[in-house]
Structures are given as structure tokens and as C-alpha cells.
Amino acid sequence: EVNLVESGGDLVQAGGSLRLSCAASAITFADYAIGWFRQVPGKEREGVSCIFHSASITTYYADSVKGRFTISRDNAENTVYLQMDSLKPEDTAVYYCAAVRFGQEDMCTAYPKEYEFDYWGQGTQVTVFS
């Protein structure tokens with residue numbers, strides 16, 4: 001079992017910044033690809049960003065967040081981060097991280113999809129007000 005815990009969500013004014021963290025229990029964390037998703041009531045979960053396992057430097061950002069969000073990983077701390085800058089009210093959602101060991105060769109080249117991932121955290125709420 002791989003346990004994932006998201007943290008860092010908060011209430012923030014439009015234009016502000018937050019850094020989300022995804023802490024994992026995996027003993028071989030560097031082997032895992034990590035995706036960030038978000039969900040609002042009444043809508044399906046949306047892929048936001050992805051970082052491939054550490055044998056690759058592949059990352060992906062949805063067009064809606066490109067240039068504003070940055071994904072990174074610290075394998076020594078078993079943690080993936082999502083730095084969110086220039087936040088907009090439409091970024092308001094529960095943010096989830098998800099993990100899969102290794103993954104397919106072409107993942108993190110397009111929107112991350114729920115079916116690509118085996119393990120999920122419980123989510124952290126981000127609320128952006130104007």
C-alpha cells in the first residue's frame with residue numbers, strides 16, 4: 001500500500017500563491033509518477049499537472065495553469081510539490097495527488113487521467129476569492 005497525504009490548501013485572495021505538498025509513504029518514491037487533480041462540486045475530476053518518475057524529467061501542465069503552476073519533487077523527502085502562483089477564482093477546488101509506480105512511457109505528456117494512477121490522497125481544499 002502507498003499512502004498519500006496532501007497539505008497546503010487554504011483560503012487565498014486572487015493573485016496570491018500557495019504551495020501544495022503530496023507526501024508519500026512509498027519506500028521507492030523516486031520510481032513513482034505523481035499527478036495532481038482538482039475537483040469542484042458537480043464536475044468530474046480534472047487533471048492539472050504530472051511529473052514522471054525520476055528516470056525522466058517529463059512534466060505536464062494543463063493549459064489553464066501553464067505559466068502559473070510548477071510541479072517539482074524532492075525524493076529525499078518523499079514529497080511532490082505544486083507551487084501555485086497568480087491564483088484565480090476558477091482555481092478553487094479540492095486538489096488531489098495520485099501515484100503510480102513507473103507508469104507508461106508516454107504519460108505526463110498530456111492531461112493526467114484518473115485511470116493512469118493506482119493510489120490517491122484524500123485531497124486539500126483551495127479557495128480563491130476576489
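Q: In this predicted model, are Cys22 and Cys97 buried or exposed?
A: Cys22 and Cys97 are both buried. The term applies to a residue with under 20% relative accessible area.

Q: What kind of link do Cys22 and Cys97 form?
A: In general, a disulfide is a covalent bond between the sulfur atoms of two cysteines. Here, Cys22 and Cys97 form such a bond, with their sulfur atoms 2.1 Å apart. The cysteines come from distant parts of the chain: Cys22 belongs to strand 3 and Cys97 to strand 9, and 75 residues separate them. The angle about the S-S bond is 70°, and the link is right-handed.

Q: How many disulfides does the structure hold?
A: The structure holds two disulfides. Besides the bond already described, Cys50 is joined to Cys108, with an S to S distance of 1.9 Å. Because the torsion about the S-S bond of Cys50 and Cys108 is about -40°, this disulfide is left-handed. Cys50 lies in strand 5 (residues 46-51) and Cys108 in the loop between strand 9 and strand 10, so the bond ties together parts that are 58 residues apart in sequence. Both Cys50 and Cys108 are buried.

Q: What is the pairing when the bonded cysteines are numbered in sequence order?
A: With that numbering, the pairing is 1-3, 2-4.

Q: Which strands form the open sheet, and in what order?
A: Strands of a sheet pair through backbone hydrogen bonds, and the pairing may be parallel or antiparallel. In this model, four strands form an open sheet in the order 1-3-8-7, with antiparallel pairing. The edge strands are strand 1 (4-7) and strand 7 (69-74), each of which pairs on one side only. From one strand to the next, the twist averages 15°.

Q: How many bridges join strand 1 to strand 3?
A: Strand 1 and strand 3 (residues 18-24) run antiparallel and are joined by four bridges. As an example, Val5 has Ala23 in strand 3 as its bridge partner.

Q: How should I read a salt bridge, and how many does the structure hold?
A: The general idea is that side chains of opposite charge can pair when their charged atoms come close. This structure holds five salt bridges. In one of them, the side chains of Asp31 and Arg101 meet at 3.0 Å, N to O. Asp31 lies in the loop between strand 3 and strand 4 (32-39), whereas Arg101 lies in strand 9 (residues 93-101), 70 residues apart. Arg101 is partly exposed, with a relative accessible area of 41%.

Q: Which residues are linked in a network of salt bridges?
A: The network links Arg38, Glu46, Arg68 and Asp91. Within this group, the side chains of Arg38 and Glu46 meet in a salt bridge of 3.1 Å, N to O. Arg68 forms a salt bridge with Asp91, and their closest N and O atoms are 2.8 Å apart. This second pair links distant parts of the chain: Arg68 is in the loop between strand 6 and strand 7, and Asp91 is in the loop between strand 8 and strand 9, 23 residues apart.

Q: Why does Arg68 count as buried?
A: Buried means under 20% relative accessible area. Arg68 counts as buried because its relative accessibility is 10%. By that cut-off, Asp91 is also buried, at 1%, and so is Arg38, at 6%. Glu46, with a relative accessible area of 31%, is partly exposed.

How values were computed. Residues numbered from 1 in each chain as written. Predicted model: local features only at pLDDT ≥ 70, side-chain atom pairs only at ≥ 80, totals over all residues. Heavy atoms only, no water. Pairing = 2+ DSSP bridges. Helix = DSSP H or I, 4+ residues; strand = E, 2+ residues; numbered from the N terminus. Axes fitted to C-alpha atoms, helices over the stretch in contact; angles between N-to-C directions. Salt bridge = Lys/Arg side-chain N within 4 Å of Asp/Glu carboxyl O. Buried < 20%, exposed > 50% of the residue type's maximum accessible area, 1.4 Å probe, protein only. Disulfide = S-S within 2.5 Å.
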